[in-house]
Amino acid sequence: VECLARWHHSRYGYISPDNFISIIEQNDLINDFTRNILKKSVRQLDLWLQQGLDLKISVNVSMANLDRFNLPEIYQEAVQNSNVPIERVILEITEGKLGKDFAQSLDILTRIRLKGFGLSIDDFGTGYASMETLKYMPFTELKIDRIFAHNATQDPATRVILEKKKKSI
């Protein structure tokens with residue numbers, strides 16, 4: 001289950017995350033915002049697990065969050081205060097923004113994985129990551145960009161990349 005921030009304003013109606021996340025980041029509120037989304041998501045997952053549903057959750061993490069070396073501990077604490085196994089929580093980062101301070105990001109992401117979180121790279125194919133970069137990333141899932149995957153039905157070259165082919169030796 002992907003946990004997404006949505007804002008339904010009483011006066012202005014639906015406000016897209018594209019319109020409010022950047023403001024939250026610019027005002028240095030993204031760390032508190034993400035921690036709160038993670039806590040709410042974990043509480044909901046706890047309820048679902050108690051109902052017998054076998055689910056995991058995925059929570060988006062802004063690259064702006066990756067400026068805090070204690071981030072893995074902050075996220076671990078947010079989950080530890082629940083009955084949810086940490087392995088059921090996947091933190092999702094957008095590949096398009098991986099290029100900024102790669103060494104620091106890699107350090108923090110590796111420690112997040114060591115805590116037991118899953119790590120998803122979203123929108124692969126839209127940004128900085130290459131196959132070379134991927135071999136260093138401790139990801140557990142790779143989400144290929146929708147536009148790339150969508151074109152596979154019309155574009156034979158794209159389809160070949162995505163299809164699993166048997167090779168005879």
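How many helices and strands does the chain have? In this predicted model, the chain has seven helices and seven strands. The chain holds 169 residues, and 36% of them are buried. Taking contacts between residues at least 6 apart in sequence, 66% join residues at least 24 apart.

The walk through the structure begins with helix α1, which covers residues 17-26. Its buried residues are Pro17, Phe20 and Ile24. Viewed down the axis of α1, these buried residues fall within an arc of 85°, so they line one face of the helix. That face has partners in both strands and helices: the buried residues of α1 pack against β2 (7-9), β3 (13-15) and α2. The face turned away from the buried side carries Asp18 and Gln26, which are exposed.

Just after α1 comes Asp28, a residue of the loop between α1 and α2. Most residues other than glycine have a negative phi. Asp28 is also exposed, since its relative accessible area is 67% and the cut-off for exposed is over 50%.

The next helix is α2, residues 30-50, which packs with α3, residues 71-80. The two helices meet at an angle of about 30°, and their axes are 9 Å apart. Because angles under 35 degrees count as roughly parallel, α2 is roughly parallel to α3. The crossing in which α2 passes α3 is right-handed. On the α2 side, the contact is made by Asn31, Thr34, Arg35, Leu38, Lys39 and Val42; on the α3 side, it is made by Leu71, Ile74, Tyr75, Ala78 and Val79. By class, the residues of this contact divide into seven nonpolar, two polar and two charged.

Asn31 is found in α2. Is Asn31 buried or exposed? Asn31 is buried, because its relative accessible area is 14% and the limit for buried is under 20%. With neighbours within four places in sequence set aside, Asn31 is in contact with Asn65, Asp67, Arg68 and Leu71. Leu71 is among the residues of α3 that make the contact with α2. The C-alpha atom of Asn31 is also separated by 8.0 Å from that of Ala64, a residue 33 places apart from Asn31 along the chain.

Ala78 is buried, with a relative accessible area of 7%. Which residues does Ala78 contact, leaving aside neighbours within four places in sequence? They are Arg35, Leu38 and Lys39, each of which is listed on the α2 side of the helix contact. Ala78 and Asn36 are 42 residues apart in sequence, while their C-alpha atoms are 8.5 Å apart in space.

Helix α3 as a whole has the buried residues Leu71, Pro72, Ile74, Tyr75, Ala78 and Val79. Why do these residues count as lying on the same side of α3? They cover an arc of only 165° around the axis, which puts them on the same side of the helix. On the other side of α3, Glu77 and Gln80 are exposed. The buried residues of α3 pack against α2, β5 (89-94) and α4 (102-115).

The angle between α3 and α4 is about 30°, and their axes are 8 Å apart. That angle makes α3 roughly parallel to α4, and the crossing of the two helices is right-handed. From α3, the residues involved are Leu71, Pro72, Glu73, Tyr75 and Gln76; they meet Ile108, Arg111, Ile112 and Lys115 in α4. This contact has five nonpolar, one polar and three charged residues. Leu71 and Tyr75 take part in the contact of α3 with α4 and also in the contact of α3 with α2.

Key
Residues are numbered from 1 along each chain as its sequence is written. This is a predicted model: local features need pLDDT of at least 70, side-chain atom pairs count only at pLDDT 80 or more; totals for chains, interfaces and linings use all residues. Side-chain values use heavy atoms; hydrogens and water are left out. Axes are lines fitted to C-alpha atoms, for helices over the stretch in contact, and angles run from 0 to 180 degrees between N-to-C directions. Helices (H or I, at least four residues) and strands (E, at least two) are DSSP runs, numbered from the N terminus. Angles under 35 degrees count as roughly parallel, over 145 as roughly antiparallel, 65 to 115 as roughly perpendicular and the rest as oblique. A crossing is left-handed if the near helix is turned anticlockwise from the far one by less than a right angle, and right-handed if clockwise. Contact means heavy atoms within 4.5 Å. Ala, Val, Leu, Ile, Met, Phe, Trp, Tyr, Cys and Pro count as nonpolar, Asp, Glu, Lys and Arg as charged, and the others, Gly among them, as polar. Buried means under 20% relative accessible area, exposed over 50%, partly exposed in between (1.4 Å probe, protein chains only). The arc is that of the directions from the helix axis to the C-beta atoms.
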